[in-house]
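You asked for a second look at this chain before the group discussion. My comments are set out as numbered points.

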Amino acid sequence: MLQVQTSAGFTAPRKPARNASQRREHPDVVGTRWHTGRKAIAKLSKRRGAPRIDLGAENVILSSLPRDDYKRLLPKLERVKLTRGDLVYRAHRKIEAVYFPEDAVVTMVDALNDQRTVEVGTIGREGMVGINIFLAGAASPDQAIVQLSGTAIRLSAQDFRHELTAGAALQRLLLAYARALLAVISQSVACSQHHTIQQRLARWLLTFRDYSGGGEFMMLQSSMAAMLGARREGITEAAHKLQTASLISYCRGRIRVLDGPGLGRRSCECYRFIARQYAALNLALKLP
Ligand SMILES: [Zn+2]
């Protein structure tokens with residue numbers, strides 16, 4: 001579902017007339033409006049005694065903002081629904097809005113001239129999509145693709161930049177997040193060079209199990225191959241081995257992790273490294 005932006009704001013979503021299997025994309029904004037900031041304000045007013053504001057879920061950075069910063073930002077926030085396959089950003093295009101995922105998960109994907117792709121980072125409720133704006137960039141160096149459908153909080157790039165000048169708290173939180181993300185991206189480079197497809201697939205499945213709350217999730221083998229920068233045949237073979245060992249079930253794109261500890265033993269060290277980075281980030285974000 002796409003949206004049309006007008007001077008009055010985001011209008012009702014307009015359903016695109018095209019094949020549902022096609023990737024949804026839009027140069028400016030993406031996502032179906034879910035709630036407005038006003039509903040969140042109503043929620044806030046019921047939590048007046050709380051030292052920090054919990055948005056209701058969900059995104060760790062936003063829920064770690066001090067009350068005054070959050071109240072200032074709230075009218076500008078919009079909760080949107082992101083659907084698997086949505087293209088949030090195209091590479092090297094101007095970023096019009098940043099997204100704070102709640103249960104949606106977005107991957108940053110680098111595409112080479114020969115159409116080969118590889119995932120360079122995965123962003124869920126711990127982070128923000130569009131970190132390049134925070135780093136004084138105007139465009140995204142990579143594509144950003146929704147991997148797990150869910151909600152995210154959207155903030156226009158203009159309002160985001162204004163907030164950075166108005167409040168120090170968001171800057172501090174995003175600095176901590178950028179450090180963690182950089183460490184994870186650096187590790188992913190080593191992972192793609194030195195670890196086997198099966199190790200990397202196990203790490204990736206555990207990561208998405210965590211993002212999906214431990215439940216099953218939808219993922220095509222072609223998507224996994226694109227994310228891991230591997231041939232589809234290699235992913236099929238690795239997934240078959242994991243399934244034969246009763247570590248996962250896989251049926252028509254629906255994946256369930258059956259044995260997390262067992263899958264952890266098949267994974268490379270990168271899963272534990274990433275988990276440690278985000279655990280440390282969680283602690284850092286909660287510091288006053
Ligand atoms: Zn690895």
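1. Overall make-up. This is a predicted model. The protein chain holds eleven helices and 13 strands. Of its 288 residues, 36% count as buried. Taking contacts between residues at least 6 apart in sequence, 73% join residues that are at least 24 apart.

2. The four-stranded sheet. Four strands make an open sheet in the order β5-β9-β7-β8, and the pairing is antiparallel. β5 (87-89) and β8 (117-123) are at the edges with a single partner strand each, so one side of each has no neighbour in the sheet. Ignoring direction, neighbouring strands of this sheet are turned by 35° against each other on average.

3. Strand β10 and its partners. How many of the seven residues of β10 are buried? Six of them are, which leaves this strand (residues 150-156) mostly covered. β10 is joined by five bridges to strand β4 (residues 78-82), and the two run antiparallel. In that pairing, leucine 82 has glycine 150 of β10 as its bridge partner. Strand β6 (residues 97-101) also pairs with β10 in the antiparallel sense, over five bridges. There, the bridge partner of alanine 97 is serine 156 of β10.

4. The three-stranded sheet. A further open sheet has three strands in the order β11-β13-β12, again with antiparallel pairing. Its edge strands are β11 (217-218) and β12 (248-251), each of which pairs on one side only. β12 is joined by four bridges to strand β13 (residues 254-257), and these two run antiparallel. Within this pairing, serine 249 has arginine 256 of β13 as its bridge partner. Helix α7 (residues 197-211) packs on the sheet and touches β11, β12 and β13. The direction of α7 makes about 90° with that of β13.

5. Packing of α7 on α8. α7 also packs against helix α8 (residues 221-228), at an angle of about 110° and with the axes 11 Å apart. The two helices are therefore roughly perpendicular to each other, since angles of 65 to 115 degrees count as such. On the α7 side the contact is made by Ile197, Arg200, Leu201 and Trp204, and on the α8 side by Met224, Met227 and Leu228.

6. Length of α11. Does the span of helix α11 (residues 270-286) agree or disagree with 1.5 Å a residue? The 17 residues should span 24 Å, and the end C-alpha atoms are 25 Å apart, which agrees.

7. In general, an α-helix has 3.6 residues a turn, so residues three or four places apart point the same way.

8. Histidine 92. Most residues other than glycine have a negative phi. Histidine 92 is not a glycine, yet has a positive phi of about 65°. This residue is placed in the loop between β5 and β6. Is histidine 92 buried or exposed? Histidine 92 is exposed, because there are 10 other C-beta atoms within 10 Å and the cut-off for exposed is 12 or fewer.

9. Arginine 252. Phi of arginine 252 is also positive, near 50°, in a residue other than glycine. Arginine 252 lies in the loop between β12 and β13, the two strands that four bridges join. Arginine 252 counts as exposed because it has 6 C-beta neighbours inside 10 Å. Both loop residues deserve a look in the viewer.

Notes:
Residues numbered from 1 in each chain as written. Predicted model: local features only at pLDDT ≥ 70, side-chain atom pairs only at ≥ 80, totals over all residues. Pairing = 2+ DSSP bridges. Contact = placed C-beta atoms within 7 Å. Axes fitted to C-alpha atoms, helices over the stretch in contact; angles between N-to-C directions. Expected span 1.5 Å × (residues − 1). Buried ≥ 20, exposed ≤ 12 C-beta atoms within 10 Å, placed from the backbone. Parallel < 35°, antiparallel > 145°, perpendicular 65-115°, else oblique.
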